[in-house]
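The entries follow in the order in which I made them.

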Amino acid sequence: MIPQASRSLADLAMKLAGDIAPATQTEYAAANAGLMAMLLLALAQEQERAAAVRMLDIDEMKLLFRAAQDQHPDAPGAGQRASYCEREPKSLLISDLDRFHAEGLEALIGLHAWVDEEDAALDRAIWDFLLHHTERHKFELPPL
């Protein structure tokens, strides 16, 4: 049997919230058990989607960087963004995806600071990306 990490984490969370937390002797212990259950549920969600959401972010950042290159080839940071667009993450390990993702976000911050004053349409596109990013990465946790 191959364990399914996200299902296992969710099952542990529900066991903790449903069986262990109510049986604790103090309010403090019950609150801690509830907090641990919520964290396990968040970890289950993140484990399930981690690679997918990072790759979607990376693809969208590359589209933004290519648009900036087409419209403003001399904008500050153009070389950094071009280099980013030519590469891929080292592997699909979350740690490698996180490093590459962070590099893209750093380049995006620099671009966003510049386009804020220079290109309203590209500025809006970056804000749209940031909205998509936060929606993709948000946790949808049930009340326990």
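I looked up D96 and found it buried, at 9% relative accessibility (buried means under 20% relative accessible area, exposed over 50%, partly exposed in between, with a 1.4 Å probe and protein chains only). I note that this is a predicted model, in which local features need pLDDT of at least 70 and side-chain atom pairs count only at pLDDT 80 or more, while totals for chains, interfaces and linings use all residues. Residues are numbered from 1 along each chain as its sequence is written, and side-chain values use heavy atoms, with hydrogens and water left out.

I then turned to the partner of D96, which is R99: the two form a salt bridge with their closest N and O atoms 2.6 Å apart (a side-chain nitrogen of Lys or Arg within 4 Å of a carboxyl oxygen of Asp or Glu).

I checked K15 and D19 next, whose side chains meet in a salt bridge at 2.6 Å, N to O; K15 is partly exposed at 47%, as is D19 at 41%.

Lastly I looked up M61, which, leaving aside neighbours within four places in sequence, is in contact with Y84, H101, G104, L105, L108 and F129 (contact means heavy atoms within 4.5 Å).
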